[in-house]
Amino acid sequence: MSDRRRLAKERVPDPYTTTTRKASSSKIVIEREKTTPFLVRVFCKAGEHHRIKDFDFDKSPVEDEVQLYAWKDTTLKELSMLLKQNHPEYERRDTKFSFRIIYQDNLRGRFIPKDIGAVLNSRKSPEEEKTLDEARFVIGDYLDVAIGHGPFTLSGRAGDSRAGGGKFRERRPSERGGFETMKRRNSERKAGFRDRK
């Protein structure tokens, strides 16, 4: 057997391949030393996401823009760390980063928002290891990041954000009470029910 046929049979991997996928998962793995990163236009806003009407084919909220370079396997956690390098005030322990992709719908001729996850400084979040590839980010898409401080939750789903951005709202004390609050509410309801008899 000739050397050429033997090499073809053994399927020798291309030594210049820079993108692979782990056999045990669908995560993409980039050899960053060999792969040029791409530009990501990130638009940050305190307390809420930008309104979708702020994005158009001839305009964007450039006053809030941060330009980062990333790879397809860059995680949301890594993006938040890059943002903190540019803005030290984001280092606060109670800071939350809510990420949203703004992509162009060519069929409808408009931009569409898509929530992809959040990163917390105070604790690990389920989405912080999500990569841009897993979020279906395409080079040329925008990232819109709402940044809040304190015990916040993010109100508004992706479907609600077409008219406006989801906002951080401060959790009321009753929402922080957990199980004890639920017990008290149930007892109050039962007492009210007895009073109406």
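This dialogue goes through several features of a predicted model and how to read them.

Reader: What conventions apply here?

Author: Residues are numbered from 1 along each chain as its sequence is written, and side-chain values use heavy atoms, with hydrogens and water left out. The model is predicted, and local features need pLDDT of at least 70, side-chain atom pairs count only at pLDDT 80 or more, and totals for chains, interfaces and linings use all residues.

Reader: How many helices and strands does the protein chain have?

Author: Helices (H or I, at least four residues) and strands (E, at least two) are DSSP runs, numbered from the N terminus. Here the protein chain has four helices and nine strands. Their order from the N terminus is α-β-β-β-β-α-β-β-β-β-β-α-α.

Reader: What share of the 197 residues counts as buried?

Author: Buried means under 20% relative accessible area, exposed over 50%, and partly exposed in between (1.4 Å probe, protein chains only). Of the 197 residues of the protein chain, 34% are buried. The areas come from the Shrake-Rupley method with a 1.4 Å probe; for residues, only the protein chains shown count as cover. The chain exposes about 13100 Å², and carbon and sulfur atoms supply 50% of that area.

Reader: Which residues of helix H2 are buried, and what do they pack against?

Author: In helix H2 (residues 76-86), the buried residues are Leu-76, Leu-79, Ser-80, Leu-83 and Lys-84. Seen down the axis of H2, they fall within an arc of 140°, so they line one face of the helix. The arc is that of the directions from the helix axis to the C-beta atoms. These buried residues of H2 pack against S3, S4, strand S5 (95-105), S6 and S7. A contact means heavy atoms within 4.5 Å. Among contacts in the protein chain between residues at least 6 apart in sequence, 61% join residues at least 24 apart.

Reader: How many salt bridges are there?

Author: Side chains of opposite charge can pair when their charged atoms come close. A salt bridge is a side-chain nitrogen of Lys or Arg within 4 Å of a carboxyl oxygen of Asp or Glu. By this rule there are nine salt bridges. One of them joins Arg-41 and Glu-65, with the closest N and O atoms 2.7 Å apart. That pair links distant parts of the chain, since Arg-41 lies in strand S3 (residues 38-46) and Glu-65 in strand S4 (residues 65-70), 24 residues apart. Arg-41 is partly exposed, at a relative accessible area of 24%.

Reader: Where do Lys-124 and Glu-128 stand, buried or exposed?

Author: Lys-124 forms a salt bridge with Glu-128, the closest N and O atoms being 3.1 Å apart. Lys-124 is exposed at 60% relative accessibility, whereas Glu-128 is buried at 6%. In another pair, Arg-92 and Asp-94 have their closest N and O atoms 2.8 Å apart. Arg-92 is partly exposed at 43%, and Asp-94 is partly exposed at 29%. Arg-32, Asp-73 and Glu-78 are linked in a network of salt bridges.

Reader: What is the phi of Arg-136?

Author: Most residues other than glycine have a negative phi. Arg-136 has a positive phi of about 65° although it is not a glycine. Arg-136 sits in the loop between S6 and S7 and is exposed, with a relative accessible area of 65%.

Reader: Which residues does Asp-141 touch?

Author: Not counting residues up to four places away in sequence, Asp-141 touches Ile-101, Ile-102, Tyr-103 and Arg-136. Asp-141 is in the loop between strand S6 (110-120) and strand S7 (142-149), and is buried at 12% relative accessibility.
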